[in-house]
Structure formats: C-alpha cells, structure tokens
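Please work through each task with the sequence and structure at hand before reading its solution.

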Amino acid sequence: MNTPRPRHSALGIAALAVSLVALVLFAVTAHVAHLPRYAGMHEVPVAVLAMLFVALGVTVVGLLLGIGSALQHQRRRVTGVLALGLSITLLWAQASLGSWIHQQWVDAHPTADAEATPH
C-alpha cells in the first residue's frame, strides 16, 4: 500500500521566504555601502547602518523559523534546513560587511594618538 508522505513544513517554507528576503536586503545594503558617496566616509552612513540592522533582524527571524522547522518531526524539513544554512551564511556576511564599514570609518577618521605616532 501507499503510505502518505509527510507534507512540507509551513515553517520551513516561511523560513526560506524570509531568508531570501534577507538575502535581497543584504545585497542592496552591500551595493549602497559601496556607492561612491560613502567612499570617503566623511559622514556616518546612517542609511547603510539602518539597512544593515534591518537585514540583520530579518535574518535572525529566518534563522529562528529555520530552527523551528528543523525541529518538526512529522514534516519534510528540506526547506527549513536550506533556510537555516542561508541564514547562517547571511549572518556571517553581514558581520563581514559591518566590519568592513567599521574599518573604512576608522581609516577615514584616525584618532589623535594614531596621528601622533610615527609609522
């Protein structure tokens, strides 16, 4: 007899959709961060920081939904696991972008101690 196969997890599908939205938000944030107007870092890139934190929040929601999907026993968990992997990768990429922005800011605005010491 045919045994019914388990259905896909609704949490997994939602997690994958949220993770894909987070991917798009990250791509837009990275693009805006590399625009020429922010190259000199003469002013605080508030728009970039706001976009980065929004993308970070959406990624965390995708991560939590992916974890919830992976814990469902009677459902297929493929989409949840994919969302979990994408969310973890996006968290790493967002941390890397934030570090790059911070380094650009430090390079553009050296402290008084760094200016006084000879290289």
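**Exercise 1. The buried face of H3**

The cover over the buried residues of H3 includes H1 and H2. The model is a predicted one, in which local features need pLDDT of at least 70, side-chain atom pairs count only at pLDDT 80 or more, and totals for chains, interfaces and linings use all residues. Residues are numbered from 1 along each chain as its sequence is written, and side-chain values use heavy atoms, with hydrogens and water left out.

Task: State how many residues H3 has, and list its buried residues.

Solution. Step 1: helices are DSSP runs (H or I, at least four residues), numbered from the N terminus. H3 has 31 residues and reaches 45 Å from its first C-alpha to its last, close to the 45 Å expected at 1.5 Å a residue; the expected span is 1.5 Å times one less than the number of residues.

Step 1: buried means under 20% relative accessible area, exposed over 50%, and partly exposed in between (1.4 Å probe, protein chains only). The buried residues of H3 are Thr79, Gly80, Ala83, Leu84, Ser87, Leu90, Ala93, Gln94, Leu97 and Ile101.

**Exercise 2. Leu86**

Task: Determine whether Leu86 is buried, partly exposed or exposed.

Solution. Step 1: Leu86 lies in helix H3 (residues 78-108). Step 2: because its relative accessible area is 21%, Leu86 is partly exposed. Step 3: apart from neighbours within four places in sequence, Leu86 is in contact (heavy atoms within 4.5 Å) with Ser19 and Leu20.

**Exercise 3. H1 against H3 and H2**

Task: Describe how H1 is oriented towards H3 and towards H2.

Solution. Step 1: the axes of H1 and H3 come within 9 Å and cross at roughly 20°. Axes are lines fitted to C-alpha atoms, for helices over the stretch in contact, and angles run from 0 to 180 degrees between N-to-C directions. H1 and H3 are therefore roughly parallel to each other, since angles under 35 degrees count as roughly parallel and over 145 as roughly antiparallel.

Step 1: the contact of H1 with H3 comprises 17 nonpolar, 7 polar and no charged residues. Here Ala, Val, Leu, Ile, Met, Phe, Trp, Tyr, Cys and Pro count as nonpolar, Asp, Glu, Lys and Arg as charged, and the others, Gly among them, as polar.

Step 2: H1 and H2 pack at about 160°, with their axes 8 Å apart. H1 is therefore roughly antiparallel to H2. Their contact has 19 nonpolar, 8 polar and no charged residues.

Definitions and conventions:
Helix = DSSP H or I, 4+ residues; strand = E, 2+ residues; numbered from the N terminus. Parallel < 35°, antiparallel > 145°, perpendicular 65-115°, else oblique.
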